[in-house]
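Please look over the chain below together with its model.

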Amino acid sequence: MWRLRIAEATGGDPWLRTTNGHVGRQVWEFDPTADDVGAVDDLDAARHEFFRQRHQMKHSADLPMRLQFAELNPPMLDIPPPIKKLGEDEEVTKETVLICLKRAIGRYSTLQAHDGHWPGDYGGPMFLMPGLIITLHLTGALNAVLSSQHQKEIRRYLYNHQNEDGGWGLHIEGPSTMFGSALSYVCLRLLGEGPDSGDGAMEKGRTWILDHGGAIYITSWGKFWLTVLGVYDWSGNNPVPPEVWMLPYCLPIHPGEVYCRLQASVRAQHTLLHVLHQAAEQVST
C-alpha cells in the first residue's frame, strides 16, 4: 500500500538527508505489510476509473493523496448537504453562500497536512523522467534505486498519459510530439515492457512514431538522450559550443534563455504584480 509521508524520514533511507527536519518534503513510500483492505480497494477503484476516463480527464487530481487524507483528516465542520445548481436568473441568498463556503472550507481542511501546509503533486512534464531512467539504466543502478513497485507505478503513469492516437505529449495534457513519444516509449522498454505489452499500447506508440517519420525527427534534447543511450549517433546532434555561455545574458541565443519555463513564470508574476499595483492606484484615486 502506498502512503504519502510528509515532513518525516521514510524507511531510514540514507539518501533522504535534511537540515530542517524534512520540513516541506513529501515522499511516497510503499508498505508491503499494510493490511487495510478497504483502502487498497478504494485506491484500485480510483485507478480503474481514472484509466477509463484518462482521455477526458488527464490530470489525476492527486486522487491517492486525497483518499489517504480523507481517512486521516475527517471534516471538522458540520458540512451541510450540497445545494442544487442555481438557475441563471435565480436569486443567490445568504444561506446559499454560507453553505458553499462551509463546504469549500471543509473540503480544503481535509487536504491540509499535519504540519500545516497543503501538499500537491507536481505532475505534467513527460520529458524529465526518461532522462532519469536512461541514466539509471546506463549506470546499472535501475533496480538498485527504483524498487519493483516504483517501476510498476512509473509504467502505470506512462500508460495512463498516452494519448488516444498512441503518442505522448510534451506534458500530460499536450498533443502527441516526437519528443514525448520517443522518450516515453524508450522509457517503457527500459522498464521491461515488450514491443506488444500494455494491451496494444506499445504497438500504438510505435506506430505513431513510425507514422511521423521515426525517432530521427525528435528534438535536440531527445537526440542527446538517445545518443547517450547508444541508439543514435553523435554526428546527428547539433553542437553547442561552450563559449556561448560567455555571451551577455541579454542576448536571446544565450543558453540560459533556451529553457525559459522558470523565467516565463517569474515574468508572468511580475506582470501580474504590476497590473495589480496599477489597479490599486486607480482605486485609491
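## The enclosed cavity

On a 1 Å grid over the protein atoms alone, a cavity is a set of points where a 1.4 Å probe fits but cannot get out, whereas a pocket is an open set with protein on both sides within 12 Å along at least five of seven lines, and lining residues have an atom within 4 Å of a point. Grid points are joined across faces, edges and corners, and a volume is the space filled by probe spheres set on the points. The model is predicted, so that local features need pLDDT of at least 70 and side-chain atom pairs count only at pLDDT 80 or more, while totals for chains, interfaces and linings use all residues. Residues are numbered from 1 along each chain as its sequence is written, and side-chain values use heavy atoms, with hydrogens and water left out.

A search of the whole structure finds 1 cavity of 30 Å³ or more, and the volume of the largest cavity is about 30 Å³. Its lining is formed by R54, H55, K58, N160, H161, Q162, N163 and I172, a set that divides into 1 nonpolar, 5 polar and 2 charged residues; here Ala, Val, Leu, Ile, Met, Phe, Trp, Tyr, Cys and Pro count as nonpolar, Asp, Glu, Lys and Arg as charged, and the others, Gly among them, as polar.

## The largest pocket

The largest pocket has a volume of about 1700 Å³. Of the 45 residues that line this pocket, W28, D121, E153, I154 and Y157 are the closest to its centre. Two or more lining residues come from each of β1 (2–6), β2 (26–30), α1 (37–52), α2 (63–72), α4 (129–138), α5 (142–145) and α6 (148–160), where helices (H or I, at least four residues) and strands (E, at least two) are DSSP runs numbered from the N terminus. Helix α6 gives the largest share of the lining, 7 residues, and by class the lining has 26 nonpolar, 12 polar and 7 charged residues.

## Overall fold

The protein chain has 10 helices and 4 strands, which follow the pattern β-β-α-α-α-α-α-α-β-β-α-α-α-α along the sequence. Of its 285 residues, 32% are buried, that is, under 20% relative accessible area with a 1.4 Å probe and protein chains only.

## A buried lysine

K223 lies in helix α9 (residues 220–229). K223 is buried yet has no salt bridge, a term for a side-chain nitrogen of Lys or Arg within 4 Å of a carboxyl oxygen of Asp or Glu; the nearest side chain of opposite charge, D233, is 11 Å away. Leaving aside neighbours within four places in sequence, K223 is in contact (heavy atoms within 4.5 Å) with I216, I218, Y232, G236 and N237.

Technical notes
Buried means under 20% relative accessible area, exposed over 50%, partly exposed in between (1.4 Å probe, protein chains only). Lys and Arg count as positive and Asp and Glu as negative; His and the chain ends are not counted.
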